[in-house]
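My notebook is open and the viewer is loaded. Here is what I looked up, one entry at a time.

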Amino acid sequence: MSPRVSVRAVAVRGESMRPTLNDGDACLVLWGVPPRPGDVVVARLPERGLGVKRAEFTDPDGSWWLRSDNVRAGTDSATFGMIPAGDVLGRVVARYWPRPRPLRRGRPPRA
C-alpha cells in the first residue's frame, strides 16, 4: 500500500530560497510524495521546525542533503547535516501567491 498523499499550503519565511521563492510566498505542497534530486521540499529541520529547501542528493540510507538556494541567507545541510527521509515531508509543486507559477526540478534561476 502506498503512503497517503495530500495537498497542503505552506508559507515561505525568510530569504534562504531566493530567487526561487521569496519571504511570504504561498506554495502548494504534495505532502507524502518522496523527493527527487533538484526538487524544492518541505522538511523538519533540526531545532528549526519546518523549512523549505532544495533536495540535492540522497545517501545510501535514504537521508537527504538539503540546501538553500541563497546560501548567504539561510542554513542548510552544511550546518545541520543530512536529514532522514522521514523528515522530508513533501514536494513543493507551485507558488500560488503572489504570482502563481509551477516550480520545476533543477537548479535555481539566476538572480
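Where is the place of Pro98? I found Pro98 in the loop between strand 6 (88-97) and strand 7 (101-102); strands here are DSSP runs (E, at least two residues), numbered from the N terminus.

A note on the ground rules: this is a predicted model, where local features need pLDDT of at least 70, side-chain atom pairs count only at pLDDT 80 or more, and totals for chains, interfaces and linings use all residues. Residues are numbered from 1 along each chain as its sequence is written, and side-chain values use heavy atoms, with hydrogens and water left out.

**Cis bonds.** I saw that Trp97 and Pro98 are joined by a cis peptide bond, with omega about 10 degrees. Arg18 and Pro19 are also joined by a cis peptide bond, with omega about 5 degrees. I located Pro19 in the loop between strand 1 and strand 2 (26-31).

**Positive phi.** Next I checked Glu47, a residue other than glycine whose phi is positive, near 55 degrees. Glu47 sits in the loop between strand 3 and strand 4. Its relative accessible area is 86%, so Glu47 is exposed (buried is under 20%, exposed over 50%, partly exposed in between, with a 1.4 Å probe and protein chains only).

**Aromatic rings.** I looked up aromatic pairs and the structure holds 1. Phe57 and Trp65 form this stacked pair, 5.9 Å centre to centre with 5 degrees between the planes (ring centres of Phe, Tyr or Trp, its six-membered ring, lie within 6.5 Å; planes under 30 degrees apart are stacked, over 60 edge-to-face, the rest tilted). Phe57 is partly exposed at 41% relative accessibility, and Trp65 is partly exposed at 27%.

Technical notes:
Helices (H or I, at least four residues) and strands (E, at least two) are DSSP runs, numbered from the N terminus.
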